Amino acid sequence: MGFYYFIILFVGIFFILGAGLQAFKHHSLSKKRGILGVIGLSIFLFTPGSSDIIAEFLRLNE
């Protein structure tokens with residue numbers, strides 16, 4: 001099952017990088033910010049403890 005998760009992960013990374021490349025190629029500032037925000041959020045979600053931070057932010061620990 002983990003093999004398929006890695007395939008989906010790499011396909012997603014490919015699409016995000018492709019969209020970022022198009023945004024930088026066409027000099028679209030709003031698209032650059034959106035793509036960088038998605039990449040930043042993706043990296044944050046891979047960090048250890050991110051689920052605890054999100055739970056505190058959404059007040060799900062109460």
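From the N terminus on, you'll read α-α-α. This is a predicted model, where local features need pLDDT of at least 70, side-chain atom pairs count only at pLDDT 80 or more, and totals for chains, interfaces and linings use all residues. Residues are numbered from 1 along each chain as its sequence is written, and side-chain values use heavy atoms, with hydrogens and water left out.

Of the 62 residues, 11% count as buried (under 20% relative accessible area; exposed is over 50%, partly exposed in between, with a 1.4 Å probe and protein chains only).

**Stop 1: the pocket.** Select Leu 9, Gly 12, Ile 13, Ile 16, Leu 17, Ile 39, Ser 42, Ile 43 and Phe 46, which line the largest pocket. A pocket here is an open set of points on a 1 Å grid over the protein atoms alone, with protein on both sides within 12 Å along at least five of seven lines; lining residues have an atom within 4 Å of a point. About 190 Å³ of space lies in there, counted as the space filled by probe spheres set on the points, which are joined across faces, edges and corners.

Which helix gives the most to the lining? That's α1, with 5 residues; α1 and α2 (29-46) each supply at least two. By class, the lining has 7 nonpolar, 2 polar and no charged residues (Ala, Val, Leu, Ile, Met, Phe, Trp, Tyr, Cys and Pro are nonpolar, Asp, Glu, Lys and Arg charged, the others, Gly among them, polar).

Keep Ile 39, in helix α2. Ile 39 is partly exposed, at 27% relative accessibility. Draw a distance from its C-alpha to that of Leu 17: 8.8 Å, for residues 22 apart along the chain.

**Stop 2: helix α1.** Pick Ile 7, placed in α1 (residues 2-25). Its relative accessible area is 39%, so Ile 7 counts as partly exposed. Ile 7 also belongs to a nonpolar surface patch with Phe 3, Tyr 4, Val 11, Phe 14 and Phe 15.

**Stop 3: Phe 24.** Staying in α1, go to Phe 24, partly exposed at 42%. Ile 35 is 11 residues away in sequence, and 9.9 Å away C-alpha to C-alpha.

How values were computed. Patches are made of residues with over 30% relative accessible area and no salt bridge: like charges are joined within 9 Å, nonpolar side chains (Val, Leu, Ile, Met, Phe, Trp, Tyr) within 5 Å. Accessible areas come from the Shrake-Rupley method with a 1.4 Å probe; for residues, only the protein chains shown count as cover. A salt bridge is a side-chain nitrogen of Lys or Arg within 4 Å of a carboxyl oxygen of Asp or Glu. Helices (H or I, at least four residues) and strands (E, at least two) are DSSP runs, numbered from the N terminus. On a 1 Å grid over the protein atoms alone, a cavity is a set of points where a 1.4 Å probe fits but cannot get out, and a pocket is an open set with protein on both sides within 12 Å along at least five of seven lines; lining residues have an atom within 4 Å of a point.
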